[in-house]
Amino acid sequence: MYRQMVLARAVDRRMWVLNRQGKAPFVISGQGHEAIQVAAANAMRPGSDWLVPYYRDLAFCLALGQTARDFMLSVFGRAEDPNSGGRQMPSHFGSSRLRIMTKSSVVGTQICHAAGIAYAAKVRGLDEVAVTCIGEGGTSQGDWHEGLNWAGVHRLPFICIVQDNDYAISVPHRLQMGIDNVAKRAVGYGIAGVTVDGGDLLASYAAVKAAVERARGGDGATLISAKVARFTSHSSDDDQRRYRPQAELEALLRRDPIERFRGYLLDEGVMAEDVDDSVQQEATAEVDAAVTYAEAAASPLAEDTLRNVFAEESA
Ligand SMILES: Cc1ncc(C[n+]2csc(CCOP(=O)(O)OP(=O)(O)O)c2C)c(N)n1
Ligand SMILES: [Mg+2]
C-alpha cells in the first residue's frame with residue numbers, strides 16, 4: 001500500500017510538470033487524498049466489486065490495477081488510452097476490466113449510478129459491492145441525496161466515501177452544510193455513518209473493510225466521511241493562495257498521508273531506509289517510462305471521434 005501511494009504521488013506530480021510545460025492542458029490532482037483511496041482499493045475485490053470514481057481518485061484507480069502508462073495516455077489524450085480512447089478529460093477514469101465505471105464531469109451523478117449498480121447486484125443475488133467517491137461539496141447536489149436514500153431503502157451493498165478536503169474549489173465546508181461532519185446525515189437515510197481520518201492509512205483500511213463486510217453480509221450501505229488535505233489548488237486553472245490563508249496552507253504540510261505512513265513503517269522497523277529509497281526510484285522510473293511511451297503514442301483519428309459515443313448497429 002505504501003508503494004501504491006508513492007507511485008500515485010509521483011504520477012500526480014509529473015502531471016503538473018507536464019501542465020507547466022504546456023503538454024497537459026488541464027490537470028486535477030489527488031495529492032493529500034492517497035491514504036483513504038489506497039486503503040479502500042485494498043479492502044475491495046478488484047474486477048469483481050465496482051468503483052464509480054470521481055476526478056481525484058488517481059491513487060484509488062492505480063491501487064485497483066491501472067498503471068502509470070494507462071494514466072499518462074489519458075493525460076496526452078492518445079488513441080490507446082484505456083480510460084476513454086482520449087475522449088474524456090484526464091482523471092475521468094474508466095476500465096471495464098477493473099470494473100471502474102467511466103464518470104460524468106457533472107458532480108453527483110456517480111452516486112445514482114453506483115446505487116443502481118448495487119441494486120442490480122442485489123436483485124441478481126451477486127456477491128458484489130459498489131463503491132463510489134465524491135467531495136464534501138458534491139454532497140449538496142440532489143443526486144447525492146437521491147442515491148443515498150435509494151441505498152438505504154433497499155439496504156444495498158453500497159459504500160459512499162466522501163473525501164472531505166474542506167473546500168469545493170474556493171467554497172469552504174462551512175458554507176456547504178450546517179454540520180461539521182457529513183457522516184451525521186447517514187441516520188436520515190437509515191444507513192451506517194462512519195468518520196475516519198482519511199490521512200491515516202490503517203484507520204482508513206479498517207473503516208472501509210468493515211463497510212465492505214457489512215455490504216457483503218447483507219447489512220446494507222455505509223456512508224464514510226474521510227477527512228483529507230487538498231495539497232494543490234482545485235485544478236491547474238486556479239490559485240488557492242487567493243482564497244486560503246497562508247497559515248492554513250502551511251498547516252496542510254503536516255498532514256501528508258504518505259509521510260505519516262512512511263514514518264510509521266520506519267519507526268516500527270517494517271521498512272528500512274534503503275527500501276524506501278528503492279520504492280521512490282522505482283516509482284520515478286515507472287513514471288518516466290509512462291511519459292516517454294504516452295508522448296510518442298498516436299492521437300485518435302478524427303473520423304473515430306464519435307465511436308463509443310452513440311450506439312452503433314452491429315454488422
Ligand atoms: C453539477 C456540477 N456543478 C458544478 C461543477 C463544477 N465543479 C467541478 S468540481 C467542483 C467542486 C467540487 O468540490 P468537492 O465536491 O468538495 O470535491 P473536491 O474537488 O474538493 O474534491 C465544482 C463546483 C460540476 N462539475 N458539476
Ligand atoms: Mg472538497
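In the predicted model, strand E7 is mostly covered, with six of its six residues buried. Thr 222, Ile 224 and Ala 226 point one way from E7, while Leu 223, Ser 225 and Lys 227 point the other way, and all are buried. Such a pattern follows a general rule: in a regular strand the side chains alternate between the two faces of the sheet.

Strand E7 (residues 222–227) is joined to strand E3 by parallel pairing over six bridges. Ile 161 has Ile 224 of E7 as its bridge partner, and Asp 164 has Lys 227 of E7. Strand E6 (residues 192–197) likewise pairs with E7 in the parallel sense, over six bridges. Here Val 194 stands opposite Ile 224 in E7.

Seven of its seven residues are buried, so E3 is largely enclosed by the rest of the structure. Both faces of E3 are covered: Phe 158, Cys 160, Val 162 and Asp 164 are buried on one side, and Ile 159, Ile 161 and Gln 163 are buried on the other. Strand E2 (residues 130–135) pairs with E3 in the parallel sense, again over six bridges, and Val 131 has Ile 159 in E3 as its bridge partner. Between E2 and E3 the chain passes through helix H6 (residues 142–153), and this β-α-β crossover is right-handed.

Helix H11 (residues 273–296) comprises 24 residues. From its first C-alpha to its last, H11 reaches 35 Å, close to the 34 Å expected at 1.5 Å a residue. The buried residues of H11 are Ala 283, Val 287, Ala 290, Val 291 and Ala 294. The spacing can be read against helical geometry: an α-helix has 3.6 residues a turn, so residues three or four places apart point the same way. Among the elements that cover the buried residues of H11 are helix H1 (2–20) and helix H4 (68–75).

Taken as a whole, the chain has 11 helices and seven strands. Its radius of gyration is 19 Å, close to the 20 Å that the globule rule gives for 315 residues, so the chain is as compact as a globular protein of that length. Along the principal axes, the C-alpha atoms fill a box of roughly 60 × 50 × 40 Å. Of the 315 residues in the chain, 46% are buried. Contacts between residues at least 6 apart in sequence join residues at least 24 apart in 75% of cases.

Confidence in the prediction was also examined. The mean pLDDT of the chain is 96, and 99% of the residues score at least 70. Among the elements of the chain, the highest mean pLDDT, 99, belongs to E3, and the lowest, 96, to helix H9 (residues 246–252).

Key: Residues numbered from 1 in each chain as written. Chains lettered and ligands numbered in written order. Predicted model: local features only at pLDDT ≥ 70, side-chain atom pairs only at ≥ 80, totals over all residues. Helix = DSSP H or I, 4+ residues; strand = E, 2+ residues; numbered from the N terminus. Rg over C-alpha atoms; globule rule 2.2 N^0.38 Å. Buried ≥ 20, exposed ≤ 12 C-beta atoms within 10 Å, placed from the backbone. Contact = placed C-beta atoms within 7 Å. Pairing = 2+ DSSP bridges. Right-handed = clockwise from strand over helix to strand, strands pointing away. Expected span 1.5 Å × (residues − 1). pLDDT = per-residue confidence, 0-100.
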